[in-house]
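The sequence and the structure come first.

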Amino acid sequence: MTATVLRQHAEQQYAAELAALAAADDRPRPPRWRLSPWAVVTYLVGGTLADGTVISPKYIGSRRLMEIAVATLATDRALLLIGVPGTAKSWVSEHLAAAISGDSTLTVQGTAGTSEESLRYGWNYALLLSRGPTPEAIVPSPVMRAMEAGSLVRIEELTRIPSDVQDTLISPLSEKTLPVPELGIERQAAEGFNLIATANNRDRGVNELSSALKRRFNTVVLPTPATLAEEVAIVEQRVAAQGRALRLPGTPPAAEQIARVVTLFRELRNGITEDGKTKVKSPSGTLSPAEAISVLSHGWSLAAHFGDGLPGAHDLAAGVLGAVIKDPAQDPAIWREYLDTVVREREDWRDLYRACRELA
Ligand SMILES: Nc1ncnc2c1ncn2[C@@H]1O[C@H](COP(=O)(O)OP(=O)(O)O)[C@@H](O)[C@H]1O
Ligand SMILES: [Mg+2]
């Protein structure tokens, strides 16, 4: 018996949408692209095709930003997505690779320990020892494989990679080639090759991009959602999808519960209540949509397994507290003040106030 995978790659999960888009798409496609730039943006932001096929929105936010990102990938510049954690950088990058190249798996996860080998190539040591350096003994990195295939490669958290290792990317991005000095050869990128990197604002300064590398990128900043309605839509959609994937029993959190958690996170993040009347202090955590999504999924799981199946204030309070209080020195006081000046005053938030007070 084969096990069901926990999480499908975007190109598998949305295979039907991608096929419908390809069939309907009569606009010009850049070399080796599976879809035209217009169809890629439609895949990202959603829409309805002439034949009635509904394309679900993956990115909720500015269509123009997605157009800028996609247009970049059709030029000789690479794309750098930056933003605070949880603003869909990785998510957008995966969907871009799925829609453009049909493969989102050519990915390097950037860390302080990422080596040049993982951006260039390594060696199969058994072959290297028995036959010496030959092209067959090369173990290509995702970057090299994307260059050979003419597809997109993704570098996650680029700025966490040490700067001298980052600079390995300069030849592939500027000369479109990867030298293999051991063999006196080079691998030239096929048409269609390009790169999408993501980086967190908060990491900046850890390993800044070198200016030589920076010039090879167009930067697109992914913002936190502009309006409450937009952020609620993002969270609602992702919580429902996650619950389905995890096959959580019970019912998903009701719209009012989602709106409350998102409101609370926005107010603490923005330092002001949604009505613009009361200033509040911001805690140290990022309180992004991604955090709201996990608080609500957790509440769903608590209610489904240990409660009445209906996620309520009691099931959400623990998750909210965990997301808000990251720095034990400063955040508890900030949270207490918000609870007493904002949460307590709202008639329809009484149950949430009580549940939070019980935990504090
Ligand atoms: N604008 C948005 N549209 C759709 N989903 C979003 C948006 N912002 C955040 N998300 C959701 O938040 C989650 C975390 O996003 P992720 O790509 O991991 O963040 P990042 O890489 O920026 O830290 C994803 O499940 C994504 O669907
Ligand atoms: Mg990410």
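## Helix 12 and helix 13

Helix 12 and helix 13 cross in a right-handed manner. A crossing is left-handed if the near helix is turned anticlockwise from the far one by less than a right angle, and right-handed if clockwise. Helices are DSSP runs of H or I with at least four residues, numbered from the N terminus. The model is predicted: local features need pLDDT of at least 70, side-chain atom pairs count only at pLDDT 80 or more, and totals for chains, interfaces and linings use all residues. Residues are numbered from 1 along each chain as its sequence is written, while chains are lettered from A and ligands numbered from 1 in the order in which they are written.

The angle between helix 12 and helix 13 is about 125 degrees, and their axes are 9 Å apart. Axes are lines fitted to C-alpha atoms, for helices over the stretch in contact, and angles run from 0 to 180 degrees between N-to-C directions. Helix 12 and helix 13 are therefore oblique to each other. Angles under 35 degrees count as roughly parallel, over 145 as roughly antiparallel, 65 to 115 as roughly perpendicular and the rest as oblique.

On the helix 12 side, L228, E231, V232, V235, E236 and V239 meet A255, I258, A259, V262, T263 and R266 of helix 13. Contact requires C-beta atoms, placed from the backbone, within 7 Å. The contact of helix 12 with helix 13 comprises eight nonpolar, one polar and three charged residues. Here Ala, Val, Leu, Ile, Met, Phe, Trp, Tyr, Cys and Pro count as nonpolar, Asp, Glu, Lys and Arg as charged, and the others, Gly among them, as polar.

Helix 13 (residues 255-270) and helix 14 have axes that come within 10 Å and cross at roughly 140 degrees. That makes helix 13 oblique to helix 14. Their crossing is right-handed. I258, V261, V262 and F265 of helix 13 make the contact with E291, A292, V295 and L296 of helix 14. Seven of these residues are nonpolar, none polar and one charged.

Helix 15 (residues 313-324) packs against helix 13 at about 20 degrees, with the axes 12 Å apart. Helix 13 and helix 15 are therefore roughly parallel to each other. Helix 13 passes helix 15 in a right-handed crossing. Q257, V261, L264 and L268 of helix 13 meet L316, V320 and V324 of helix 15. This contact has six nonpolar, one polar and no charged residues.

## Domains

The domain assignment gives domain 1 (67-221) and domain 2 (228-359), with bounds from an automatic or database domain assignment. Their C-alpha centres lie 37 Å apart. Four residues of domain 1 are in contact with five residues of domain 2. The side of domain 1 that touches domain 2 has two nonpolar, two polar and no charged residues.

## Ligand 1

Ligand 1 is surrounded by 18 residues, the closest being A88, K89, S90, W91 and A290. A residue is near a molecule if its C-beta atom, placed from the backbone, lies within 6 Å of it. The elements giving two or more residues to this shell are helix 5 (89-101), helix 12 (228-246) and helix 14 (289-306). By class, the shell has 10 nonpolar, six polar and two charged residues. Domain 1 and domain 2 both give residues to the shell, so ligand 1 lies between them.

How values were computed. Two residues are in contact if their C-beta atoms, placed from the backbone, lie within 7 Å.
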